[in-house]
Amino acid sequence: MAESKKRRMGRMLAGIVLGAGILSGCAAQKKNAEPLRRSEFLLNTFVTITLYDKDEEKLLEEAVKLCRDYEEKLSKTVEGSEIYQINHREAGVKAMEVSDETAEMIEKGLYFSSLSDGAFDLTIEPLSSLWNFTGEVKEVPDARAIREAAERVDYRKLSVEGNQVSFLDDQVSIEPGAVAKGYIADQLKAFLKDQGVESGLIDLGGNILCIGSRPDNTPFKIGLQKPYFDRKETVAVLNITDQSVVTSGVYERCFEQDGVHYHHLLNPKTGYPYDNGLLSVTIVSDRSVDGDGLSTACFSLGLEQGMELANSLEGVYAYFITEDYEIHCSDGAEALLSE
């Protein structure tokens, strides 16, 4: 009975267009001034931080610098970062010391890898680097190369104890993409709240983290993007207060070859993109790192198992959009939908 209710609701909402994908900025202005906003290209995306109750440019400058500092520590592509050093360590190195922040992020990635029984795997880097979804030339890699890369993926060969990261295999490497932005967003929010910010938005390329509510004490309005359509087209709008909204979908980094659609959400076991009938999974949670990891994990598990996982976690709300554009809501998720 509950499942059929979710399906009926999905059919109703999927046809609605409610404006911008992130609707909060246009409606949530300070009482006496325009919001204070700064955008920078960081983390291989556009990072936008908006303050609604503070008119202090210095705060934005410090927040952007903090984001850049984390990128230089957690990015896999920035030479000299701790993740880069891990992925380019010499053969035979069995352990490395890292910062508190890197250790904590890796622990989170391993937690979601274990929680999903490897459907999401922090060590998928050999595969994610093999597939090219952002360059000019996009094509399916050689089947043998995919098979060999998939054999290198296994989160159980990586462990963290204190600040020490240990490896059971020289071939283990880390893909932080599914947890790093969420982790960084949480650190930015903590910094801004320590500085007295009570109303703001942190947008790390689609990872949305709200600080408090709008200046008039009403929730922020966050739109769920309609897959494959313009970002301004949404299938539903959520009422969000002091929470994170993160989406994993098949429509951002993708290409088509020989009539087959390929996207960046890869199955660690096969090496190829998941084909499970889902277009996207959106997670609302208190912490952005949880939404980041869970949106990928729940997508990877598919509708039935992903919904089961979301329902097992307190304070987590999930929205699954299937290929027929129906929305399937986890327990309690309907309450966040805007009328």
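1. Let's start with a pair of helices. Helix α3 (residues 57-74) and helix α8 (residues 180-194) pack with their axes 10 Å apart, at an angle of about 150 degrees. This is a predicted model, in which local features need pLDDT of at least 70 and side-chain atom pairs count only at pLDDT 80 or more, while totals for chains, interfaces and linings use all residues. Residues are numbered from 1 along each chain as its sequence is written, and side-chain values use heavy atoms, with hydrogens and water left out.

2. Helices (H or I, at least four residues) and strands (E, at least two) are DSSP runs, numbered from the N terminus. An axis is a line fitted to C-alpha atoms, for helices over the stretch in contact, and angles run from 0 to 180 degrees between N-to-C directions. Angles under 35 degrees count as roughly parallel, over 145 as roughly antiparallel, 65 to 115 as roughly perpendicular and the rest as oblique.

3. Back to the pair: how do α3 and α8 run relative to each other, roughly parallel or roughly antiparallel? From their angle, α3 and α8 are therefore roughly antiparallel. On the α3 side, the contact (heavy atoms within 4.5 Å) is made by Leu 59, Glu 62, Ala 63, Leu 66, Cys 67, Tyr 70, Glu 71 and Leu 74. The α8 side brings Tyr 183, Ile 184, Gln 187, Leu 188, Phe 191 and Leu 192. By class, this contact of α3 with α8 has 11 nonpolar, 1 polar and 2 charged residues. Here Ala, Val, Leu, Ile, Met, Phe, Trp, Tyr, Cys and Pro count as nonpolar, Asp, Glu, Lys and Arg as charged, and the others, Gly among them, as polar.

4. Helix α3 also meets α5: their axes come within 10 Å and cross at roughly 70 degrees. That angle makes α3 roughly perpendicular to α5, and α3 passes α5 in a right-handed crossing. Tyr 70, Lys 73 and Leu 74 of α3 make the contact with Glu 101, Thr 102 and Met 105 of α5. The residues of this contact of α3 with α5 divide into 3 nonpolar, 1 polar and 2 charged.

5. Now follow α8 to another partner. The axes of α8 and α9 are 7 Å apart, and the two helices pack at an angle of about 165 degrees. That makes α8 roughly antiparallel to α9, and α8 passes α9 in a right-handed crossing. Ala 180, Lys 181, Gly 182, Tyr 183, Ala 185 and Asp 186 in α8 meet Ser 288, Val 289 and Asp 292 in α9. The contact of α8 with α9 divides into 4 nonpolar, 2 polar and 3 charged residues.

6. Ala 297 has its place in helix α9 (residues 288-311). Is Ala 297 buried or exposed? At 1% relative accessibility, Ala 297 counts as buried (buried means under 20% relative accessible area, exposed over 50%, partly exposed in between, with a 1.4 Å probe and protein chains only). Not counting residues up to four places away in sequence, Ala 297 touches Ser 116, Phe 120 and Leu 309. By contrast, Asp 194 is found in helix α8 and counts as exposed, at 65% relative accessibility.

7. Lys 108 is found in helix α5 (residues 100-115). With a relative accessible area of 18%, Lys 108 is buried. Its contacts, leaving aside neighbours within four places in sequence, are Arg 287, Val 289 and Asp 290.

8. On which side of helix α7 do the buried residues sit? In α7 (residues 143-150) the buried residues are Ile 146, Ala 149 and Ala 150. They cover an arc of only 100 degrees around the axis, which puts them on the same side of α7; the arc is that of the directions from the helix axis to the C-beta atoms. These buried residues of α7 pack against α6 (125-130).

9. Finally, look at two loops. Most residues other than glycine have a negative phi. Leu 43, in the loop between β1 (36-42) and β2 (45-51), has a positive phi near 55 degrees. Leu 43 is buried, with a relative accessible area of 16%. Tyr 325 has a positive phi of about 65 degrees although it is not a glycine, and lies in the loop between β14 (317-322) and β15 (327-329).

Note on methods
A crossing is left-handed if the near helix is turned anticlockwise from the far one by less than a right angle, and right-handed if clockwise.
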